[in-house]
Amino acid sequence: MMIDYETLKIIWWLLVGVLLVGFAIMDGHDMGVGTLLPFVGKSDVERRVIINTVGPHWDGNQVWFITGGGAIFAAWPLVYATAFSGFYWAMLAVLWALFFRPVGFDYRSKISDPRWRSTWDWGLFVGGSVPPLIFGVAFGNLFQGVPFHFDDNLVSYYTGSFWGLLNPFALLCGLVSTTMITLHGAVYLAHRTEGVIQQRAIRAATIFGLLLIACFAAAGVWLAYGIEGYVISSAVDAGGQADPLAKTVVREAGAWLANYKLAPLTILLPVLGFAGALGAILLARANRTLLAFVSSALMLVGVIGTAGASLFPFIMPSSSDPRASLTVWDSVSSYTTLGIMLAATLIFMPLIIFYTSWAYKVMAGKITEAYIRENDRGAY
């Protein structure tokens, strides 16, 4: 392979970002629909309409979640080991919440008892709302630094607690994540439905879009003036072997904004986040729902890209021992591993995108109450 090690590290930082954005766009609208299910659907048949907008696709969209986790494990093994031990209970909470989704989709309409169906409706709400909240809280803690350190054998030790993760700034980031995913789900629901359900979905898109804009702006101001960032203060061999302890890191006020001065074009990412959210609201209210979904997807690119650009080159800063902070340069796998993974990605990712696009095209169209009644036994 003709790509040098430093470039491979950057490529995999970008690819992990692409996988996170893909997960947010594809599985995010499923989760957003699940979050809205008990509120937008007022009757059993309306809730079945809502469920069937995502029913044929939700499990396929989980591929992005699984692939993202696998990519972090293979490309950034130290990040995977440290994050999944430090955020152990938070990750378990995500998995426990996700358990409600397959069971809820498959068994919710098998029994006509209203209490049975209502229970699974709230289960799908939990499966849709909890993961985005926890992922946002996790990102909020990354900006503040995670309490971990390494010994001389590079074994990581997490010294924090689950309750320590639930600090005010992290909870605000959790609100950013929850509102952006719910907005995305509301716009998708408006595109796949009609009548009163569509109108409620558009109203939800307006509410959560405005909340997202407010929370995203508040998080940016807080990050700029209330949280110290991290800066590498020593020379770094970007093309060298991974050694997270071979550098010096200091904390400075306003450091998380430094990349916007070094690379001014990155300011387009937060602009895209705000513009995408506002565009999704206006387009949905104008009944241009497909364009609204595209605008919402761009919003996700902007918000997630803003987090990545602000943190770069840090992936997981350490508040206990700043020099142990994991970065793009010193937390990666070997040159050979990254090269083989890149080749596999270039082959299989286009296939996944092609198949997913084809599946959505085949099963496109509005889901109506008449469709549910005509397919009472076959529909979710």
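Student: In which loop is the place of L154?
Tutor: In this predicted model, L154 has a positive phi of about 60° although it is not a glycine. Most residues other than glycine have a negative phi. The residue sits in the loop between strand 1 (148–150) and strand 2 (156–158).

Student: Does L154 count as buried, partly exposed or exposed?
Tutor: Buried would require under 20% relative accessible area and exposed over 50%, with partly exposed in between. Because its relative accessibility is 30%, L154 counts as partly exposed.

Student: What is the relative accessible area of N287, which also has a positive phi?
Tutor: N287, which is not a glycine, has a phi of about 65°, and this residue lies in the loop between helix 10 (268–285) and helix 11. N287 is partly exposed, and its relative accessible area is 46%.

Student: Is the peptide bond from F312 to P313 cis or trans?
Tutor: Most peptide bonds are trans. P313 is found in the loop between helix 11 (289–311) and strand 5 (314–316). The bond that joins F312 to P313 has an omega near 5°, and is cis.

Student: Which helix gives the largest share of the lining of the largest cavity?
Tutor: The count comes to one cavity of 30 Å³ or more, and about 80 Å³ of space lies in the largest cavity. Of the 13 residues that line the largest cavity, the closest to its centre are D30, V33, G34, F105 and L124. The largest share of that lining, five residues, comes from helix 1.

Definitions and conventions
Residues numbered from 1 in each chain as written. Predicted model: local features only at pLDDT ≥ 70, side-chain atom pairs only at ≥ 80, totals over all residues. Heavy atoms only, no water. Helix = DSSP H or I, 4+ residues; strand = E, 2+ residues; numbered from the N terminus. Buried < 20%, exposed > 50% of the residue type's maximum accessible area, 1.4 Å probe, protein only. 1 Å grid on protein atoms, 1.4 Å probe; cavity = no way out; pocket = protein on both sides within 12 Å on 5 of 7 lines; lining within 4 Å. Points joined across faces, edges and corners; volume = space filled by probe spheres on them.
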